[in-house]
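User: I would like to work through this model feature by feature. Please give the idea first and then the case.

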Amino acid sequence: MSFLQAAKMLTPQIKCNLCDQRQFKVVEEDQQPYNVLKCKNCSLVFVWPHPPHVELETHYDNGYYDEWISRQKARRQGMWRKRLKKVAKFKSSGYLLDVGCGEGAFLGLAQKKGWQVSGTEISAFAARYASEALNTDIFCGDLLSAHFKENYFDVVTMWHVLEHVDDPKKYLSEIQRILKPDGLFVLAVPNVNNLVFQIVYRIIRGRSLKLFTIGEKEIHLYHFSPVTLKRYLAATGFSCLSLAPDYGIIEPAKKIVNWISTIPYYLAGMQIFDAIEVVAVPKR
Ligand SMILES: [Zn+2]
(Lines give C-alpha, C1' and ligand atoms only; values in the text may rest on other atoms or scores of the structure.)
Protein backbone atom coordinates (compact mmCIF):
# COMPACT_ATOMS: atom_id res chain seq x y z
CA MET A 1 0.00 0.00 0.00
CA SER A 2 1.40 3.44 -0.90
CA PHE A 3 1.68 6.03 1.77
CA LEU A 4 -1.06 8.16 0.23
CA GLN A 5 -3.46 5.22 0.32
CA ALA A 6 -2.49 4.65 3.96
CA ALA A 7 -3.04 8.33 4.77
CA LYS A 8 -6.47 8.24 3.17
CA MET A 9 -7.38 5.30 5.38
CA LEU A 10 -5.88 6.96 8.43
CA THR A 11 -7.24 10.48 8.16
CA PRO A 12 -10.95 9.69 8.72
CA GLN A 13 -9.97 8.59 12.24
CA ILE A 14 -8.46 11.98 13.03
CA LYS A 15 -10.59 14.90 14.09
CA CYS A 16 -9.53 18.50 13.49
CA ASN A 17 -8.72 20.10 16.85
CA LEU A 18 -10.27 23.37 15.72
CA CYS A 19 -13.42 22.52 13.74
CA ASP A 20 -14.02 18.78 14.49
CA GLN A 21 -14.13 17.90 10.78
CA ARG A 22 -12.36 14.80 9.42
CA GLN A 23 -11.26 15.74 5.89
CA PHE A 24 -7.56 16.52 5.43
CA LYS A 25 -5.02 17.22 2.76
CA VAL A 26 -1.50 15.82 3.23
CA VAL A 27 0.96 18.74 3.17
CA GLU A 28 4.19 16.88 4.02
CA GLU A 29 4.64 13.13 4.04
CA ASP A 30 8.36 12.44 3.91
CA GLN A 31 9.05 12.11 7.66
CA GLN A 32 7.35 8.80 8.42
CA PRO A 33 5.46 8.01 10.58
CA TYR A 34 4.74 11.74 10.92
CA ASN A 35 2.67 13.70 8.41
CA VAL A 36 1.71 17.33 8.19
CA LEU A 37 -2.00 17.62 7.46
CA LYS A 38 -4.25 20.54 6.57
CA CYS A 39 -7.93 20.53 7.47
CA LYS A 40 -10.01 20.92 4.32
CA ASN A 41 -12.68 22.77 6.26
CA CYS A 42 -10.84 25.32 8.43
CA SER A 43 -7.26 25.18 7.02
CA LEU A 44 -5.64 24.28 10.36
CA VAL A 45 -2.20 22.75 9.72
CA PHE A 46 -0.86 20.17 12.16
CA VAL A 47 1.52 17.25 12.61
CA TRP A 48 -0.01 13.80 12.88
CA PRO A 49 0.59 11.59 14.78
CA HIS A 50 2.06 13.67 17.59
CA PRO A 51 5.57 12.59 18.56
CA PRO A 52 5.69 10.96 22.03
CA HIS A 53 5.95 13.31 25.01
CA VAL A 54 9.35 12.12 26.21
CA GLU A 55 10.71 13.08 22.81
CA LEU A 56 9.30 16.60 23.22
CA GLU A 57 10.29 17.14 26.81
CA THR A 58 13.89 15.99 26.48
CA HIS A 59 14.44 18.91 24.09
CA TYR A 60 13.99 21.32 26.96
CA ASP A 61 16.77 20.28 29.35
CA ASN A 62 19.59 22.56 30.51
CA GLY A 63 21.20 22.36 27.03
CA TYR A 64 18.19 24.12 25.53
CA TYR A 65 18.34 27.00 28.02
CA ASP A 66 22.14 27.40 28.20
CA GLU A 67 22.18 30.11 25.52
CA TRP A 68 19.14 31.88 26.96
CA ILE A 69 20.72 32.34 30.36
CA SER A 70 24.20 33.20 29.10
CA ARG A 71 25.03 34.62 25.66
CA GLN A 72 21.51 35.66 24.61
CA LYS A 73 20.43 37.01 27.98
CA ALA A 74 20.80 40.75 27.25
CA ARG A 75 19.03 40.52 23.86
CA ARG A 76 16.27 38.43 25.38
CA GLN A 77 15.76 40.95 28.18
CA GLY A 78 15.03 43.61 25.54
CA MET A 79 12.41 41.37 23.96
CA TRP A 80 10.76 40.62 27.31
CA ARG A 81 10.73 44.31 28.24
CA LYS A 82 8.85 45.13 25.02
CA ARG A 83 6.36 42.36 25.70
CA LEU A 84 5.76 43.54 29.25
CA LYS A 85 5.21 47.09 27.97
CA LYS A 86 2.57 45.67 25.63
CA VAL A 87 0.77 44.07 28.58
CA ALA A 88 1.07 47.31 30.59
CA LYS A 89 -0.84 49.20 27.88
CA PHE A 90 -3.90 47.25 29.02
CA LYS A 91 -3.19 46.30 32.64
CA SER A 92 -0.46 47.20 35.08
CA SER A 93 -1.00 45.22 38.27
CA GLY A 94 -2.51 42.07 39.72
CA TYR A 95 -2.00 38.34 39.25
CA LEU A 96 -0.07 37.38 36.15
CA LEU A 97 0.44 33.83 34.89
CA ASP A 98 2.99 33.03 32.19
CA VAL A 99 2.24 29.63 30.60
CA GLY A 100 5.48 27.95 29.56
CA CYS A 101 7.56 30.50 31.45
CA GLY A 102 10.92 28.89 30.63
CA GLU A 103 13.72 30.15 32.87
CA GLY A 104 11.46 32.95 34.15
CA ALA A 105 13.01 36.04 32.54
CA PHE A 106 9.65 37.58 31.60
CA LEU A 107 8.18 36.84 35.04
CA GLY A 108 11.28 38.35 36.67
CA LEU A 109 10.67 41.68 34.92
CA ALA A 110 6.95 41.53 35.73
CA GLN A 111 7.72 40.82 39.38
CA LYS A 112 9.99 43.88 39.53
CA LYS A 113 7.09 45.97 38.23
CA GLY A 114 4.93 44.76 41.10
CA TRP A 115 2.99 41.90 39.49
CA GLN A 116 2.12 38.83 41.58
CA VAL A 117 3.64 36.24 39.29
CA SER A 118 2.92 32.55 38.62
CA GLY A 119 4.27 30.25 35.96
CA THR A 120 3.96 26.79 34.48
CA GLU A 121 6.82 25.04 32.74
CA ILE A 122 7.23 21.47 31.47
CA SER A 123 11.04 21.53 31.62
CA ALA A 124 12.15 20.44 35.10
CA PHE A 125 15.44 22.29 34.64
CA ALA A 126 13.78 25.60 33.67
CA ALA A 127 11.02 25.32 36.30
CA ARG A 128 13.62 24.86 39.04
CA TYR A 129 15.75 27.70 37.68
CA ALA A 130 12.73 30.05 37.54
CA SER A 131 11.49 29.04 41.01
CA GLU A 132 14.87 29.92 42.51
CA ALA A 133 15.30 33.14 40.55
CA LEU A 134 11.79 34.39 41.37
CA ASN A 135 11.60 32.92 44.86
CA THR A 136 8.15 31.62 44.03
CA ASP A 137 6.65 28.25 43.12
CA ILE A 138 6.64 27.52 39.42
CA PHE A 139 4.33 24.65 38.50
CA CYS A 140 6.41 22.01 36.75
CA GLY A 141 4.12 20.38 34.21
CA ASP A 142 1.30 20.98 31.84
CA LEU A 143 -1.11 23.91 32.39
CA LEU A 144 -4.01 21.43 32.33
CA SER A 145 -2.57 19.59 35.36
CA ALA A 146 -1.97 22.78 37.37
CA HIS A 147 -5.68 23.22 38.28
CA PHE A 148 -5.52 26.93 39.03
CA LYS A 149 -8.54 28.59 40.62
CA GLU A 150 -11.36 29.79 38.39
CA ASN A 151 -11.54 33.56 37.62
CA TYR A 152 -8.20 34.09 39.32
CA PHE A 153 -5.69 35.77 37.01
CA ASP A 154 -5.74 39.37 35.77
CA VAL A 155 -3.36 38.51 32.95
CA VAL A 156 -2.30 35.27 31.28
CA THR A 157 0.57 35.35 28.79
CA MET A 158 1.73 32.53 26.53
CA TRP A 159 4.76 33.29 24.36
CA HIS A 160 5.34 30.71 21.61
CA VAL A 161 3.86 27.80 23.53
CA LEU A 162 0.48 27.00 21.93
CA GLU A 163 2.14 25.51 18.84
CA HIS A 164 3.79 22.87 21.05
CA VAL A 165 0.76 21.59 23.00
CA ASP A 166 -1.27 18.45 22.20
CA ASP A 167 -4.67 20.09 22.38
CA PRO A 168 -4.73 23.87 21.78
CA LYS A 169 -8.51 24.03 22.24
CA LYS A 170 -8.31 22.56 25.75
CA TYR A 171 -5.46 24.94 26.60
CA LEU A 172 -7.33 28.04 25.48
CA SER A 173 -10.50 26.92 27.28
CA GLU A 174 -8.49 26.41 30.46
CA ILE A 175 -7.02 29.91 30.16
CA GLN A 176 -10.53 31.29 29.66
CA ARG A 177 -11.61 29.48 32.86
CA ILE A 178 -8.79 30.76 35.10
CA LEU A 179 -8.84 34.32 33.76
CA LYS A 180 -11.00 36.94 35.51
CA PRO A 181 -14.00 38.11 33.44
CA ASP A 182 -12.18 41.44 32.93
CA GLY A 183 -8.81 39.71 32.46
CA LEU A 184 -6.36 39.95 29.59
CA PHE A 185 -4.79 37.22 27.49
CA VAL A 186 -1.70 37.89 25.36
CA LEU A 187 -0.22 35.17 23.19
CA ALA A 188 2.29 34.84 20.41
CA VAL A 189 2.74 31.97 17.95
CA PRO A 190 4.65 31.50 14.68
CA ASN A 191 2.68 32.35 11.53
CA VAL A 192 2.34 29.50 9.01
CA ASN A 193 1.78 32.18 6.34
CA ASN A 194 5.30 33.61 6.83
CA LEU A 195 5.79 34.08 3.10
CA VAL A 196 8.74 36.46 3.25
CA PHE A 197 10.70 34.10 5.48
CA GLN A 198 9.79 31.15 3.23
CA ILE A 199 11.11 32.99 0.16
CA VAL A 200 14.34 34.05 1.89
CA TYR A 201 14.81 30.49 3.20
CA ARG A 202 14.37 29.04 -0.27
CA ILE A 203 16.89 31.48 -1.77
CA ILE A 204 19.52 30.84 0.92
CA ARG A 205 19.05 27.09 1.45
CA GLY A 206 17.92 26.14 -2.04
CA ARG A 207 14.94 24.17 -0.73
CA SER A 208 11.58 24.96 0.79
CA LEU A 209 11.06 25.39 4.52
CA LYS A 210 9.76 22.26 6.21
CA LEU A 211 6.97 22.36 8.77
CA PHE A 212 8.20 19.22 10.52
CA THR A 213 11.56 17.50 10.86
CA ILE A 214 12.14 14.52 13.12
CA GLY A 215 14.49 15.38 15.99
CA GLU A 216 14.44 19.15 15.44
CA LYS A 217 15.07 21.40 18.42
CA GLU A 218 11.58 22.83 18.72
CA ILE A 219 8.78 20.66 17.42
CA HIS A 220 5.68 22.55 16.37
CA LEU A 221 2.62 20.29 16.49
CA TYR A 222 0.30 23.01 15.17
CA HIS A 223 0.91 25.73 12.58
CA PHE A 224 -1.47 28.65 13.02
CA SER A 225 -2.40 31.40 10.62
CA PRO A 226 -4.08 34.67 11.65
CA VAL A 227 -7.39 33.14 10.49
CA THR A 228 -7.13 29.83 12.36
CA LEU A 229 -5.83 31.55 15.50
CA LYS A 230 -8.76 33.99 15.55
CA ARG A 231 -11.16 31.11 14.99
CA TYR A 232 -9.59 29.23 17.93
CA LEU A 233 -10.05 32.25 20.19
CA ALA A 234 -13.68 32.71 19.16
CA ALA A 235 -14.36 28.98 19.74
CA THR A 236 -12.94 29.12 23.27
CA GLY A 237 -14.76 32.22 24.52
CA PHE A 238 -12.39 35.07 23.66
CA SER A 239 -12.81 38.33 21.79
CA CYS A 240 -9.74 39.39 19.89
CA LEU A 241 -8.70 43.01 20.61
CA SER A 242 -5.71 43.07 18.30
CA LEU A 243 -3.70 40.83 15.98
CA ALA A 244 -0.31 42.16 14.93
CA PRO A 245 3.26 41.06 14.15
CA ASP A 246 5.20 39.60 17.08
CA TYR A 247 8.79 40.75 17.53
CA GLY A 248 10.07 37.82 19.57
CA ILE A 249 12.93 36.96 17.23
CA ILE A 250 16.40 37.74 18.53
CA GLU A 251 18.80 36.27 15.93
CA PRO A 252 20.00 39.34 13.95
CA ALA A 253 19.51 37.86 10.43
CA LYS A 254 16.02 36.52 11.19
CA LYS A 255 15.17 39.80 12.88
CA ILE A 256 15.88 41.70 9.66
CA VAL A 257 13.71 39.27 7.67
CA ASN A 258 10.95 39.73 10.24
CA TRP A 259 11.15 43.52 9.95
CA ILE A 260 10.93 43.27 6.16
CA SER A 261 7.95 40.92 6.49
CA THR A 262 6.04 43.51 8.52
CA ILE A 263 6.28 46.18 5.76
CA PRO A 264 3.42 44.68 3.65
CA TYR A 265 1.38 44.59 6.86
CA TYR A 266 1.82 48.26 7.67
CA LEU A 267 1.37 49.28 4.03
CA ALA A 268 -1.45 46.98 2.97
CA GLY A 269 -2.58 44.92 5.96
CA MET A 270 -0.98 41.71 4.60
CA GLN A 271 -0.48 39.27 7.45
CA ILE A 272 2.60 37.45 6.09
CA PHE A 273 4.93 38.31 9.01
CA ASP A 274 6.90 35.62 10.85
CA ALA A 275 4.92 35.48 14.07
CA ILE A 276 1.54 36.60 15.36
CA GLU A 277 0.81 38.44 18.59
CA VAL A 278 -2.76 38.54 19.81
CA VAL A 279 -4.36 40.47 22.65
CA ALA A 280 -7.69 38.96 23.68
CA VAL A 281 -10.27 39.25 26.45
CA PRO A 282 -12.99 36.86 27.64
CA LYS A 283 -16.18 37.35 25.65
CA ARG A 284 -18.82 39.30 27.53
ZN1 LIG B 1 -10.58 22.08 10.84
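This is a predicted model: local features need pLDDT of at least 70, side-chain atom pairs count only at pLDDT 80 or more; totals for chains, interfaces and linings use all residues.

User: In what order do the strands of the open sheet come?

Analyst: To read a sheet, follow the pairing from strand to strand. Here seven strands make an open sheet, ordered β6-β5-β4-β7-β8-β11-β10, with mixed pairing. The edges are β6 (138–140) and β10 (238–245); each has a single partner strand, so one side of each has no neighbour in the sheet. From one strand to the next, the twist averages 15 degrees.

User: How many bridges join β8 to β11, and how many join β10 to β11?

Analyst: Six bridges join β8 to β11, and these strands run antiparallel. Seven bridges join β10 to β11, also an antiparallel pair. For individual positions, phenylalanine 185 stands opposite alanine 280 in β11, and serine 242 has valine 279 of β11 as its bridge partner.

User: Which strands does helix α8 lie across?

Analyst: Helix α8 (residues 168–178) lies across β7 (153–159), β8, β10 and β11 (275–282). Its direction is at about 150 degrees to β8.

User: Which residues touch the most other members of the largest nonpolar core?

Analyst: The general idea comes first. In soluble globular proteins, nonpolar side chains tend to be buried together. In this model the largest nonpolar core has 66 residues, and Ala130, Val156, Phe185, Leu187 and Val189 touch the most other members. Strand β8 (residues 179–190) supplies the largest share of this core, seven residues. Domain 1 (1–49) and domain 2 (50–282) each contribute at least three residues to the core.

User: What does phenylalanine 185 touch, apart from residues up to four places away in sequence?

Analyst: Phenylalanine 185 touches Val156, Ile175, Leu179, Phe238, Ala280 and Val281. Ala280 is also the residue that phenylalanine 185 stands opposite in β11.

User: Which residues of helix α6 are buried, and where do they lie around the axis?

Analyst: In α6 (residues 124–134) they are Ala126, Ala127, Tyr129, Ala130 and Leu134. They are on the same side of α6, because they cover an arc of only 165 degrees around the axis. Ala130 is also among the core residues that touch the most other members. After α6 comes asparagine 135, with a positive phi near 55 degrees.

User: Is glycine 100 buried or exposed?

Analyst: Count the C-beta atoms around the residue; 20 or more within 10 Å make it buried. Glycine 100 has 22 other C-beta atoms within 10 Å, so it is buried. It is placed in the loop between β4 (95–99) and α5 (105–112). Leaving aside neighbours within four places in sequence, the contacts of glycine 100 are Thr120, Glu121, Met158 and Val161. Glu121 is the residue whose bridge partner in β6 is cysteine 140. The C-alpha atom of glycine 100 is also 7.0 Å from that of isoleucine 122, which is 22 residues away along the chain.

User: Is the peptide bond from glutamine 32 to proline 33 cis or trans?

Analyst: Omega is the angle to check. The bond from glutamine 32 to proline 33 is cis, with omega near 5 degrees; proline 33 is in the loop between β1 (24–31) and β2 (34–39). The bond from tryptophan 48 to proline 49 is also cis, with omega near -5 degrees. Proline 49 is in the loop between β3 (45–48) and α2 (53–57).

Note on methods:
Residues are numbered from 1 along each chain as its sequence is written. Helices (H or I, at least four residues) and strands (E, at least two) are DSSP runs, numbered from the N terminus. A residue is buried if 20 or more other C-beta atoms lie within 10 Å of its own, exposed if 12 or fewer, and partly exposed in between; C-beta atoms are placed from the backbone. Two residues are in contact if their C-beta atoms, placed from the backbone, lie within 7 Å. A nonpolar core is a set of buried Ala, Val, Leu, Ile, Met, Phe, Trp, Tyr and Cys residues joined through C-beta atoms within 7 Å. Domain bounds come from an automatic or database domain assignment. Two strands pair if DSSP finds at least two bridges between them. Axes are lines fitted to C-alpha atoms, for helices over the stretch in contact, and angles run from 0 to 180 degrees between N-to-C directions. The arc is that of the directions from the helix axis to the C-beta atoms.
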